[in-house]
There are 2 protein chains.
Amino acid sequence: MLGPRLQLLLETLRKLLRRGSESHAERLLKKTRLEDVAVVMRFLDLRFQRQVFDLLPDNTQRAELLTELDAHLLSDLLEGREVKSLVRVLELMSVDAQADLINELPQTLAQELLNALKPAEVEELEDILQHDPETAGGIMCTDYFALPEDTTAGEAIQALQGSDDVEMAFYVYVINEHGHLVGVVSLRALVITPPSTPLRDIMASDILSAKVETDQEQVAQMAARYNLLAIPVVDQSNRLVGIVTIDDVIDVLREEATEDILRMAGVDESAYESKSLRKNLRKRAPWLFATWLGGLAGSLLIGSFEGQLEKQVALAAFIPIVLGMGGNVGTQTATIMVRGLATGHISADVGWRYLGREFLIGVSLGVLYGTLLGVYAFTRYSGEAHPLQLAFTVGLSILSSMSVAALVGALTPLIFDRLHIDPAVATGPLVTTTVDILGILTYFLMAGLFLSGLGG
Amino acid sequence: MLGPRLQLLLETLRKLLRRGSESHAERLLKKTRLEDVAVVMRFLDLRFQRQVFDLLPDNTQRAELLTELDAHLLSDLLEGREVKSLVRVLELMSVDAQADLINELPQTLAQELLNALKPAEVEELEDILQHDPETAGGIMCTDYFALPEDTTAGEAIQALQGSDDVEMAFYVYVINEHGHLVGVVSLRALVITPPSTPLRDIMASDILSAKVETDQEQVAQMAARYNLLAIPVVDQSNRLVGIVTIDDVIDVLREEATEDILRMAGVDESAYESKSLRKNLRKRAPWLFATWLGGLAGSLLIGSFEGQLEKQVALAAFIPIVLGMGGNVGTQTATIMVRGLATGHISADVGWRYLGREFLIGVSLGVLYGTLLGVYAFTRYSGEAHPLQLAFTVGLSILSSMSVAALVGALTPLIFDRLHIDPAVATGPLVTTTVDILGILTYFLMAGLFLSGLGG
C-alpha cells in the first residue's frame, strides 16, 4: 500500500543520501509533504532518518514531522541530540503532540526536555501527561475555542479571527461562568447567523462529551457513531479541559483494529513496529507457550490411547484433519464474534441468539464434511479390517469436533466480554488449543466405541 | 460494546412494543438520537423494527434513520411498503444516502423508486449509481460548495449563508471557468480574511483529489494520512463532481478492517450481518473445503508412512503439537505481514528485509520449543526403545516446522500483494494448510532418518 508515488520518493531519497548529495535531498524534501516524509522514514535506515530530520528546511517542518512520525521511531531518532535544539522544535508542536512525543522518549531525555521548557508550557503539558495515554485526557488537545454564553456571533467571529493557533476549529464551545460546558455552535452556524445573535440562542445544548478518564476507544466510537468532528473533554466537575479531534479519532480506530487483529493471532501490540529480535520474541512467545502446553496435553492424551492406535494404525492418519476442521470453524466463529462485539454489531446481552445460530452452522458444516470424510475413509481402507467402523469413527468425529468448535468459538468471546476482558485474546491460540484437546478426546472415544474389542 | 445506556434503551423499547404501548414508545423515540435508534434496531425483531420506523415523528426522522441504519437491515424493513410514501422519505435524504439505499434494495423495488422520483433528482442519483459502490464515485456526495476563483471571501460567506443543504461544509472548493478544480479554501480561512479578498488569493492550490474510479480504501487512506475532512472527487477531465466526507471515510476504514479480519479467518464479507443460515454457510464453506482437501492430503501422507507408525506408535502422539506450533507461528507471522501491508507499515518492495527477520524469529522460537519438547519426549518415553532418537525426531521437527512456517507466513502475503490479490486471503486457512502438509512431511522424514532400520 505504499503506492508508486511514495515508492519513487523513497528510492530517490535513499539514492541521494547514499551518494551524499545532501543539497539535492534537501531540495526534494522541501517540495514534499511532511506526511509523505513521515511514511517514507519507516523504510529508511536510522542514519538516513537522522539525516532527513536535519535536512528539513526549518524547525516548523521538524515539529510537524515529529507530530506525524510513527511513535516507535521517535526515540532512536532523537537520542543523543542537543536538548537545547530539541526544545526549539518541541515549542512549535501542539501540546497533545508534545505529550505523545514525551511518552515515547527514554525517561532521562523526557525529563531533560521538561526541565528546559518554559514554565507555562510545562504546566499544560503536565496536565495531559498525568492522564493515561489511552484515555480522552491523554489524547486531547488543549487548543480549543470556548466563549461565554452571552458572546454574540459577530464577536465570536472576531475572536476567531484574532486567534491563530487553534487546532482544527470546527466548533465553538460555549461555557458558563464556572467554565462548565453548556453548549456548542458549529462554525457554519456562526457564519450564517446575524452577527448580533448571542451564542446562547444558536447553540445546541444537548452535547455529547467525554470525561478525561474515558477510554480512547469509546471516545472514538462516539465520534464515529454521531459523525462528530471533535468531542469535548470535561473534568470531574464538568469543566471543559480539551477536545479530541477527528484526526486523532481515526488514528485510535486504526490502532484499536490493529491491536485486535494481532491479539487474535496471539501477538501482543504492533510487532511489526519493532526491529529488535528480542522484543519481537517477547511479544510472541507467551501465546506460543500456551499452545505448546496444549499440544503437550494433546500428546499425553493420544499416548494414553496407544493401545487403540496399535490395533488400528490408520487412526493416526486422520488426526490432523479432525483437528484442522475443528480449529478452522472455531477460528471463523470466534473471529466473527470478536469483530461483531468490537463494532457493536453483536451484543453479549443477547449472546444466546448467536450461540444457537453458530452451533447450527457448526452442525451443518460437520454433517457435510463428516460425510465426505467418512465416505473417503471407507473407500481408502476398504481392503483392511473394519472399514465401516473406521468411516463412522472419522465421520462422527469431524461432526462432533466442528459442532463443539463452533460452540467454543462463539462462547469464549462472549464470556470474555462479560468478564470485561478483551475478547480478542480469546480467539486464536486459546480457542484452537481447547478445540484440539476436545477433538482428540472425542476422536479416541469414538474409536473406542466403534473399534475396540474388534481386534486388529 | 452496546453500553449501559443503549442496553437500557433496547430493553425499554422492546418491552413497550411487546406490550403494545405504542404511544409510550413514540414518546421515547422522540427524545432519542437517531444514531442510537439505528444501533438498537440491529437487535430488534423485524416486526418491531418496522413498528419503530412507523412510530418516528416525521419523514425527516425516517430519512435520517435510513441514512444511519446498517445496510443489511434496509431491504427487509422497506419491503412491501407503499412506493409513494417511501418516495416522500427518500426525497429528504442526501443523494449519496439515496444511492446507498437503492444499492441495497431488491431490483424491482429499486426500479419503482427510481421511476417515482422527480427527474432532476433521478439524474444526480444515477450519476452516483453508475459508479462501483466501493469507489470514490460510489461513496461521494454531490452537495459540496464550489465557487469561481474571482469570488471574494465576503461573497463566499454570503453564498454559504444562502445555502441550507450543504453536507458538512468545511471547505469551499474553487473552480475555474471549465469547472476544473483549482483550489480549496477552508471555512476558517474564509472567516478570518478581509471580506474583499478574492478566493484566488487565499486558496491552497496544491490540492489532493481522488478520481471517480479511485478505490474507496485509497480515498480513506488519503484522508487519514493528510488529516483532511473531505476529499474532492474529479472526473476524467478534472471537473469537480463530488466530495467524500470524513464520516464516510471512517465508515470505509472500519469496513475494510472488518473485511480483512474476516478474510484472515477464511470468512467472506460480514458474516455476522446475515441471519440466514444458508447464506452464512455459503460464506464459510469454501475455505473449509480448502482445509478439508489439505487435511485429506495430510492423511494420505501419514498413511504412506504407516510402516513407520507401526514400528513406533509413539510418533502419532506428537503429530498435533508439531503441526500446532508451526500453524501458530505461521498465523502470527502472516497476520503481522497482512496488517502491516494494509496500514502501510510494511512495504512489499523491501519484503526481503522482513523475510530474513521473520525466519530468524521462527528459528529462535523453534530452537526453544524444539528443545523443550525433545527433553519431554526423551523423559516420557525413556522406558521404551530408542528414546533419544524419538527426542531428536520430535525436537528437530518442531524446529523445522516453526522455521518453515515463519517463512511461509511471511512470504505468502508478500507474493499475494505483488500479484495484486488481497494479502488477507493468504492468512488463515491457506497458510495453516501449507504449513500442516510441510510439517507432516518433515516429521516423517526425520523419523525415517533417526528411527528407520532400528526395529521396534
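Because the model is predicted, local features are reported where pLDDT is at least 70 and side-chain atom pairs count only at pLDDT 80 or more, while totals for chains, interfaces and linings use all residues. Residues are numbered from 1 along each chain as its sequence is written, and chains are lettered from A and ligands numbered from 1 in the order in which they are written.

Chain A holds an open sheet of 3 strands in the order β1-β2-β3, with mixed pairing. Here helices (H or I, at least four residues) and strands (E, at least two) are DSSP runs, numbered from the N terminus, and two strands pair if DSSP finds at least two bridges between them. The edges of this sheet are β1 (146-148) and β3 (181-186) of chain A, each pairing on one side only. On average, neighbouring strands of the sheet are turned by 35° against each other, direction ignored. Strand β2 (residues 171-175) of chain A pairs with β3(A) in the antiparallel sense over 5 bridges, and Tyr173(A) has Val184(A) in β3(A) as its bridge partner.

In chain B, strand β2 (residues 171-175) and strand β3 (residues 181-186) likewise pair in the antiparallel sense, over 5 bridges. Ile175(B) has Leu181(B) in β3(B) as its bridge partner. The hairpin of β2(B) and β3(B) has 5 residues between the strands, and Gly179(B) takes a positive phi near 80° there.

Chain B also has an open sheet of 3 strands in the order β4-β5-β6, with mixed pairing. Its edge strands are β4 (210-211) and β6 (240-245) of chain B, each of which pairs on one side only. Strand β5 (residues 230-234) of chain B pairs with β4(B) in the parallel sense over 2 bridges, and Ala210(B) stands opposite Val233(B) in β5(B). Two helices accompany this sheet. Helix α15 (residues 216-225) of chain B lies across β4, β5 and β6 of chain B and runs at about 135° to β5(B). Helix α16 (residues 246-264) of chain B packs on the sheet, touching β5 and β6 of chain B, and its direction makes about 60° with that of β6(B). Axes are lines fitted to C-alpha atoms, for helices over the stretch in contact, and angles run from 0 to 180 degrees between N-to-C directions.

The two chains can now be compared.

Across the interface, 93 residues of chain B are in contact with 93 residues of chain A, contact being defined by C-beta atoms, placed from the backbone, that lie within 7 Å. Helix α20 (residues 319-343) of chain B gives the largest share of the side of chain B that touches chain A, 17 residues.
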